[in-house]
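Morning, everyone. Please have a look at the model on the screen. I will keep this short.

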Amino acid sequence: MSLLMKLAWRSLWRHKRRTIITIFSIAFSLGLAVFFISFAEGVYAELIDDAVRMQAGHLTIENKDYRQASSIDLLVENLSELRSEIKQIKGVKSTKAIIMGQGVAKSGRGAVGVAISGVEPKVEQSTSPLAKKIVAGRYLRAGDSNAVIIGKNLAQRLKLENTRELKKLHALLAPLFSPLLQDEELMDDLLRIRLSIGKKLVVTTNDVNGQMVEELVRVKGIFVTGAVQIDGYLIQVPIDFARHLVGMKDDQATQLGILLDPDTDRQEVISSISAVIANEPDARSIVVKKWEEVMPDLAAYIKIDGGSNYIFQGILIFLVMFTIFNTILMSVLERRREFGMLMAIGTPYQKIERQVILETIFIAAWGVLLGLVFGGLGGYAMQVNGLDLRQFYPEGFTVSGIAFDMIVHAKVEIPTLAVIGSTVFGATILLCLYPMGRIKRIPVADVIR
Amino acid sequence: MNAIVKLQDVHKDYGQGDVVVHALRGLSLEIDKGEMTAVAGPSGSGKSTLLNMISGLDKPTSGSIWVDGKDTSKMSRSQLSKLRLERIGFVFQAYNLLPVLTAYENAEYVLLMRGVPASERRDKVMAILKRVGLEGMEKRFPRELSGGQQQRVAIARAIVSQPALVLADEPTANVDSKTAAALLDLMAELNEEKGSTFLFSTHDRAVMKRAKRLIVLKDGQILENGSLEHLDE
Ligand SMILES: Nc1ncnc2c1ncn2[C@@H]1O[C@H](COP(=O)(O)OP(=O)(O)OP(=O)(O)O)[C@@H](O)[C@H]1O
Ligand SMILES: [Mg+2]
């Protein structure tokens with residue numbers, strides 16, 4: 001071991017308690033920061049995943065003007081061929097055709113403006129979280145024709161249930177249920193949802209030529225995502241039925257959504273898709289968009305929430321820095337005599353500075369390492385087990401129409417850990433420059449007297 | 001030229017304006033190779049200041065100082081540091097040793113800094129520790145040694161690299177008179193055996209007597225300067 005290493009190492013262990021406390025406070029704060037960052041990343045990842053699977057995919061091919069005027073006549077043509085080509089691209093997991101339009105849903109007792117989504121039942125069943133959020137009835141099936149699934153809030157607003165039926169059932173069940181379910185409203189809710197299944201409603205919209213069209217559909221299932229924007233506004237019908245309703249051909253849709261494999265280089269897929277699109281007859285009108293462009297609200301939320309998160313982590317990390325700074329400064333100041341003596345007998349001050357840097361590196365390296373391990377393991381435990389937030393947010397939590405899954409999973413990303421770790425480490429080394437500068441200014445003649 | 005140290009009309013003022021302290025007022029002296037000189041004088045007479053000027057830890061306000069034939073007033077900070085490492089040994093009153101190094105490692109320090117090869121270092125350090133009477137205590141840390149033993153390690157470190165000059169500012173101020181006498185005996189013997197040049201300051205009459213030459217300062221000026229036999233008369 002070189003002399004400097006020996007001096008640095010032994011000097012640190014001479015103040016065992018201080019060194020350990022410093023290392024652990026670095027480890028603790030950094031671990032906490034890593035844990036929360038992993039958590040946030042996990043939540044965002046889940047949110048994005050849910051959103052893209054429920055809506056139009058990680059990437060969406062659509063008419064370039066669709067976002068300005070979401071008109072049903074802004075089409076993607078030649079769908080099946082386009083699809084088979086895109087499926088060949090590396091990183092593409094699956095594709096989903098969608099028809100998105102606006103309309104009105106009418107029942108005998110109400111009319112509500114809705115977003116009509118024509119989807120492929122088979123594809124959605126294997127990808128969309130909505131298919132798993134059915135609380136009564138069932139999701140759409142391949143053979144369904146005039147079928148619809150609607151959200152719980154919409155069902156309530158349309159008052160689909162038969163009042164007499166409801167009253168009868170209510171009277172029958174109340175004595176049985178009220179001891180179990182203290183909340184009568186809750187029972188009412190459940191009954192209403194149940195009784196909405198199989199009821200009829202009329203969907204009105206514009207067809208591709210701008211003509212008003214309407215069709216009778218039967219409610220097959222009720223979903224609850226927890227997001228009022230979805231549960232009170234979205235209805236899904238089989239895509240073939242939607243085509244028939246608005247007068248589209250088989251090979252047309254308003255969107256082709258693309259789901260990617262995890263850890264795919266998105267930019268690469270985009271350029272491959274752009275190349276495919278360029279050969280399409282409607283090449284000039286269709287484009288490929290990222291989910292951030294298709295769901296700007298969600299992207300903005302993540303950006304803002306992430307930003308505030310990073311500020312919080314920043315403060316935490318600032319505190320870590322301060323701890324290290326304080327320790328190093330103290331350890332330098334209390335050794336003024338020692339260092340003065342060394343300089344008096346001819347040690348260049350640069351050597352002493354190097355010793356202090358070594359001490360700092362040692363403390364920082366251990367603190368950062370332990371912090372990453374603590375935070376990483378904690379995050380990993382939350383990645384595997386998840387954390388149930390239902391007790392904290394019993395009414396749930398939604399972001400721009402996407403309901404948070406209340407069992408959140410962290411996501412530990414090695415690159416993130418590397419960035420945080422090396423930032424703290426680098427900043428620590430920078431911070432020790434000030435105490436180091438003090439060494440040079442020790443008045444040697446005075447301290448050795 | 002046999003002078004290891006030469007001072008010419010050295011002045012040192014501390015402070016500025018109305019509160020200037022004239023710590024040294026026109027000191028001129030020479031110290032030859034192989035001498036063993038004590039600097040005495042009342043507190044505040046300028047003993048430490050003189051030693052610090054010679055080692056280049058502090059710069060004179062005016063006048064010139066040569067160490068080993070080199071004019072130190074023209075040297076940079078790092079040149080002075082190098083001069084101290086290579087030509088001067090030090091023994092301080094206290095806090096001589098690095099608490100985290102053993103007696104052996106403390107004595108070895110200067111040799112390491114100078115880049116002396118390992119085997120040579122080992123021989124020299126073992127020999128000098130034996131010479132100062134610390135054989136068997138090589139692995140002890142300073143806190144495991146008595147005050148006198150610590151000063152012996154300091155003396156070992158000061159002379160192990162055979163410097164041109166050993167400066168010691170009150171090396172015995174923190175030990176009892178018996179230990180002080182033993183330390184002075186050691187220095188005197190080393191001065192005889194190895195021809196090391198010693199310049200030390202002291203308050204202690206008994207310690208002064210062990211030197212061959214005595215310089216007495218008062219108010220930053222030389223009051224007496226001569227061989228001890230001569231002064232005793
Ligand atoms: N850094 C300084 N700033 C101001 N004055 C100083 C400084 N160092 C020494 N002095 C003054 O210079 C004079 C000489 O001090 P010096 O320390 O050389 O005396 P000394 O002979 O070593 O005394 P002692 O026997 O107490 O160690 C004293 O009056 C002291 O107050
Ligand atoms: Mg003094």
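I will take the ligand site, then a sheet in chain B.

One caution before that: this is a predicted model.

So, what surrounds ligand 1? The shell has 15 residues. The closest are A:Arg449, B:Ser43, B:Lys47, B:Ser48 and B:Thr49. Residues from chains A and B surround the ligand, so the two chains share this site.

By class, the shell holds 7 polar, 4 charged and 4 nonpolar residues. In chain B, β2 (21-32) and α1 (47-55) each supply at least two of the shell residues. The largest share comes from α1(B), with 3 residues.

Now the polar contacts. B:Lys47 places a polar side-chain atom 2.7 Å from an oxygen atom of ligand 1. B:Gly46 uses a backbone N or O atom, at 3.0 Å from a ligand oxygen. B:Ser45 also has a backbone N or O atom there, at 3.3 Å from an oxygen of ligand 1. Taken alone, the ligand exposes 630 Å², and the protein buries 68% of that.

On to the sheet. Chain B has an open sheet of 6 strands, in the order β6-β7-β8-β3-β9-β10, with mixed pairing. Which strands are at the edges? They are β6 (88-91) and β10 (221-227) of chain B, each pairing on one side only. Neighbouring strands are turned by 15° against each other on average, direction ignored.

Look at one pair. β9(B), residues 213-218, and β10(B) pair in the antiparallel sense over 6 bridges. B:Ile215 has B:Asn225 of β10(B) as its bridge partner.

Last, a helix. α5(B), residues 147-160, lies across β6, β7 and β8 of chain B. It runs at about 175° to β6(B).

Terms used. Residues numbered from 1 in each chain as written. Chains lettered and ligands numbered in written order. Predicted model: local features only at pLDDT ≥ 70, side-chain atom pairs only at ≥ 80, totals over all residues. Heavy atoms only, no water. Near = heavy atom within 4 Å. Polar contact = N/O pair within 3.5 Å; in protein donor to acceptor, adjacent residues only side chain to side chain. Areas by Shrake-Rupley, 256 points an atom, 1.4 Å probe, with all protein chains shown as cover. Helix = DSSP H or I, 4+ residues; strand = E, 2+ residues; numbered from the N terminus. Nonpolar A, V, L, I, M, F, W, Y, C, P; charged D, E, K, R; others polar. Pairing = 2+ DSSP bridges. Axes fitted to C-alpha atoms, helices over the stretch in contact; angles between N-to-C directions. Contact = heavy atoms within 4.5 Å.
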